[in-house]
Amino acid sequence: VRWGASGEVEFLGRVDGQVKVRGFRIEMGEVEAALAECEGVRQAVVVAREEGDGGSRRLVAYVVGDEGAAPTPAELRGHLLGRLPEYMVPSQFMALDALPLSANGKVDRRALPEPERVDGGREYEAPRDPTEEIVAGLMAEVLKVGRMGINDDFFESGGHSLLATRVVARVREAFGVEVPLRQMFETPTVAGLAAALRQAEGEQSAGPVIARTARDEAAPLSFAQQRLWFLDQLEPGSVAYNMPTALRLTGRLDVPTMERTFGEIVRRHEVLRTRFVEVDDSPVQVITPASEVSLPLTDLGHLAEGEREAEAQRLTQEEARRPFDLAAGPLLRAALLRLSEEEHILLVTMHHIVSDGWSMGVLVREMTTLYSAFTSGEESPLEELSIQYADYAAWQRQYLSGEVLDAQLSYWRTQLGGAPALLELPTDRPRPPAQTYRGARHSFTIPAELTSHLTALSQEEGCTLFMTLLAGWQALLSRYSNQEEVVVGTPIANRTRVETEGLIGFFVNTLALRTDLSGEPSFRELLGRVREVTLGAYAHQEVPFERLVEELQPERSLSH
């Protein structure tokens, strides 16, 4: 499962030999059969391999060539592109002398080797001291590669800003030093980051750790939770912050085991059994005891196929639009639609006050791990969580105060002072006095060749692909609006500490990225401006957006 920063989901998970990608179904056998038709291929296996970005997977093909010599990856990719849709073509190809077999003679997919990292032929240079060794290990762990040489570039090796944030979090934990995210862009190699760490040793503290708090009294809300609670008071029963997901499950489903799986997830994550009540005119978190979870089952198997799909869609939409009661809870709902003995739809809905896009990745990952273990008669293989979301909320209230908060807010006052209040886009209809939220979505695919050129440009300029696309987006908006300054709000995971990576909860924050497009800059010059703005925002991402709005007090309008 690949989770986008703003919460969108792209499914890519193996279920009974199938992989599903955002509404498309990939039959593994179809890809393998297409590979087998390629001249010089004797055997081929395709699997979904986990990447290093919190739940993402990619297709990897393992190929055995005739007489040990397999076609090149470029030849294999070209062959598949002539027979399959682009989304079904594996992103990486590995040549093997033979496929590993299990005792019964079948291909042992678990024994297939980890994909090798493509490093452009750079010779591996081993770490020279303990600092480089630790940094190399941390980068390799996050990137899910076998090893990192001291001159290997983190971003050329598949890294991006979200993964860079995870490296910084691990550096903080390992060395007790606060390294700004900007440092990863300025010194993206193992040797460069290790040198920066030696220089920073003793100069910058990593700040207080997130510790367990007592559960003998109600816990405070995080800043983000407090905003959603306030909005719920303004408009009770609104479904604007429902987070619905529908997962189509193929194969025989053990419903009691799936119920046990969800019960264990709810036990592990206190936030999923938290209610939000008002005490002395202020909201607090009330954590309820763990209990069994039941999955209501609706059987649609008696309907004709067309009616079955239509009814499933209707029930899915109905469930997504059912409101939550924050005070009564629970704020996680799950239900099953049975289409046939071999096909179910799992409906999962959470309120945003207890979840975000990253959390959905955690939930699906834990669900697949636990269900697999329980169906095999094993106990949970997951380690107990060191902290809970309530601990993070208490830590945030304590940490973001005094000098720390003043320094963070000072940056944003300077960055957003005098920013344009609106983006004046020309439209063919007048804007209504109050937002209607009625709109449309237009999706399109950027060709692989263009994506490669964009990625190369990003690496040349020391940027991520996100920064390059943001620069293009802001340039477009500037031309349409005839404004020299454009402010774009973009979500960020805001999981800057290792202990928060495995938690379900509402961590995501919004960054207001203001770019100056005056002076007719070239695109490379604009990209440099966007890079500086983005890195500065990353360094000050812990200020909650709602706290920033409270501080800056921009003019409010119901129509915007």
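In this predicted model, the axes of helix H13 (residues 448–460) and helix H14 (residues 465–481) approach within 8 Å and cross at roughly 105 degrees. Angles of 65 to 115 degrees count as roughly perpendicular, and H13 and H14 are therefore roughly perpendicular to each other. On the H13 side, the contact is formed by Leu454, Thr455, Leu457 and Ser458, and on the H14 side by Leu465, Thr468 and Leu469. By class, the residues of this contact comprise 4 nonpolar, 3 polar and no charged.

Helix H8 (residues 255–268) has 14 residues, which at 1.5 Å a residue should span 20 Å; its end C-alpha atoms lie 20 Å apart, so the two values agree. H8 is mostly covered, with 10 of its 14 residues buried. Val255, Thr257, Met258, Thr261 and Phe262 belong to this buried set, as do Gly263, Glu264, Ile265, Val266 and Arg268. The elements against which the buried residues of H8 pack are tabulated below.

| Element packed against buried residues of H8 | Residue range |
|---|---|
| Strand E9 | residues 242–250 |
| Strand E13 | residues 332–340 |
| Strand E14 | residues 343–351 |
| Helix H10 | residues 357–375 |

The nonpolar interior is considered next. In soluble globular proteins, nonpolar side chains tend to be buried together. The largest nonpolar core here contains 56 residues, and those with the most contacts inside it are Met139, Met148, Phe154, Val167, Met184, Leu193 and Trp412. Another core, of 53 residues, lies apart from it and includes Val348, Tyr371, Leu503 and Ile504.

Definitions and conventions. Residues numbered from 1 in each chain as written. Predicted model: local features only at pLDDT ≥ 70, side-chain atom pairs only at ≥ 80, totals over all residues. Heavy atoms only, no water. Helix = DSSP H or I, 4+ residues; strand = E, 2+ residues; numbered from the N terminus. Expected span 1.5 Å × (residues − 1). Buried < 20%, exposed > 50% of the residue type's maximum accessible area, 1.4 Å probe, protein only. Contact = heavy atoms within 4.5 Å. Core = buried A, V, L, I, M, F, W, Y, C linked by side-chain atoms within 4.5 Å. Axes fitted to C-alpha atoms, helices over the stretch in contact; angles between N-to-C directions. Parallel < 35°, antiparallel > 145°, perpendicular 65-115°, else oblique. Nonpolar A, V, L, I, M, F, W, Y, C, P; charged D, E, K, R; others polar.
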